[in-house]
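Subject: Structure handover

Hello,

Here is the structure I said I would pass on. Please open it and keep it in view while you read the notes below.

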Amino acid sequence: MTKLKWKKIVARRARDVLATATLSDESHLLLDDEITPEAFIEALQSEGQLFDAANSMAHLLPRREAVWWACMCARQMQTVIDEKSEQLALSAAEKWVYEPTDERRAVAFQAAQDSKTDSGGVLCALAAAFSGAALPVASEQTLDVDVNKFPGLVFAVIGLAATEGDGS
C-alpha cells in the first residue's frame, strides 16, 4: 500500500473525487482508474495543466482547507483590498474556517448578499456558505444548497487571484 504524503486529502483514487470536475481533455487522459490524487496533481503540474491542477485541488481538499486556501488568495486581490464589503465577506469566510458552524455559514452567506461587488471576498463567503447542504437563513428556516457548486466557488477565487492584473 502506498503511503500518502498529503494528510488532508483522504481519497485513495483521484477519479472517485473528480467525477464532477470540469477538466481539459488533456487532463482527463491523465486520470486513470488507479491514479492517486497526489500523482494526478503532480502529473498535471508536469504537463503544465496548472488551472486543472488548481481545479482538482478545489475538489480534493476538505471544505474547510479549500475555503482557507481561497481566503489566502483573495486576501491578496486588489478588489478585496479596495472594497470594504469584500473585506467583510472575506472576514466572514475566515471566521467560518476558524469555527465551521452553520451559524458562521449563515453569516458568511449574509455578508456575500450584502456586498456591493462580486469578487474574491464574496466568492470565499459563498464557498463557506455552500460547504454544507442545508443553510440556516432564519429561525427554523433553511435554504437547500447545491454543494456541487462548492469546488467551483473555490476555484473561481484561485483563478481570479492567479489572473488578476495580467489582462486575462
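Helix α3 passes helix α4 in a left-handed crossing. Please bear in mind that this is a predicted model.

**Helices α3 and α4**

Helix α3 covers residues 37-46 and helix α4 covers residues 50-60. Their axes come within 8 Å and cross at roughly 160°. Angles over 145 degrees count as roughly antiparallel, and α3 and α4 are therefore roughly antiparallel to each other. On the α3 side, the residues that meet α4 are Pro37, Phe40, Ile41, Leu44 and Gln45. They meet Leu50, Asp52, Ala53, Ser56, Met57 and Leu60 in α4. Sorted by class, this contact has 8 nonpolar, 2 polar and 1 charged residues.

**Helices α5 and α10**

A second pair to look at is helix α5 (residues 63-74) with helix α10 (residues 150-163). Here the axes come within 9 Å and cross at roughly 25°. Because that angle is under 35 degrees, α5 is roughly parallel to α10. The crossing of α5 and α10 is left-handed. From α5, the contact uses Arg63, Ala66, Val67, Trp69, Ala70, Cys73 and Ala74. From α10, the residues are Phe150, Val154, Val157, Ile158 and Ala161. The contact of α5 with α10 has 11 nonpolar residues, no polar ones and 1 charged.

**Helices α7 and α9**

Helix α7 runs over residues 84-98 and helix α9 over residues 120-129. The two axes come within 7 Å and cross at roughly 30°, which makes α7 roughly parallel to α9. The crossing of α7 past α9 is left-handed. In α7 the contact residues are Glu86, Ala89, Leu90, Ala93 and Trp96. In α9 they are Gly120, Gly121, Val122, Cys124, Ala125 and Ala128. By class, the residues of this contact divide into 8 nonpolar, 2 polar and 1 charged.

**Aromatic pairs**

How many aromatic pairs does a search of the whole structure find? The search finds 2. One of them is Phe51 with Phe155, whose ring centres are 6.2 Å apart. The planes of these rings are at 85°, so the pair is edge-to-face. Phe51 lies in helix α4 and Phe155 in helix α10, so the pair ties together parts that are 104 residues apart in sequence.

**The hairpin**

Strand β1 (residues 134-138) and strand β2 (residues 141-144) pair in the antiparallel sense, over 4 bridges. Which residue of β2 is the bridge partner of Ala134? The partner is Asp144. Ala138 has Gln141 in β2 as its bridge partner. The hairpin of β1 and β2 has 2 residues between the strands, and Glu140 takes a positive phi near 60° there.

Regards

Technical notes
Residues numbered from 1 in each chain as written. Predicted model: local features only at pLDDT ≥ 70, side-chain atom pairs only at ≥ 80, totals over all residues. Heavy atoms only, no water. Axes fitted to C-alpha atoms, helices over the stretch in contact; angles between N-to-C directions. Parallel < 35°, antiparallel > 145°, perpendicular 65-115°, else oblique. Left-handed = near helix turned anticlockwise from the far one by under 90°. Contact = heavy atoms within 4.5 Å. Nonpolar A, V, L, I, M, F, W, Y, C, P; charged D, E, K, R; others polar. Pairing = 2+ DSSP bridges. Phe/Tyr/Trp six-rings, centres within 6.5 Å; stacked < 30°, edge-to-face > 60°.
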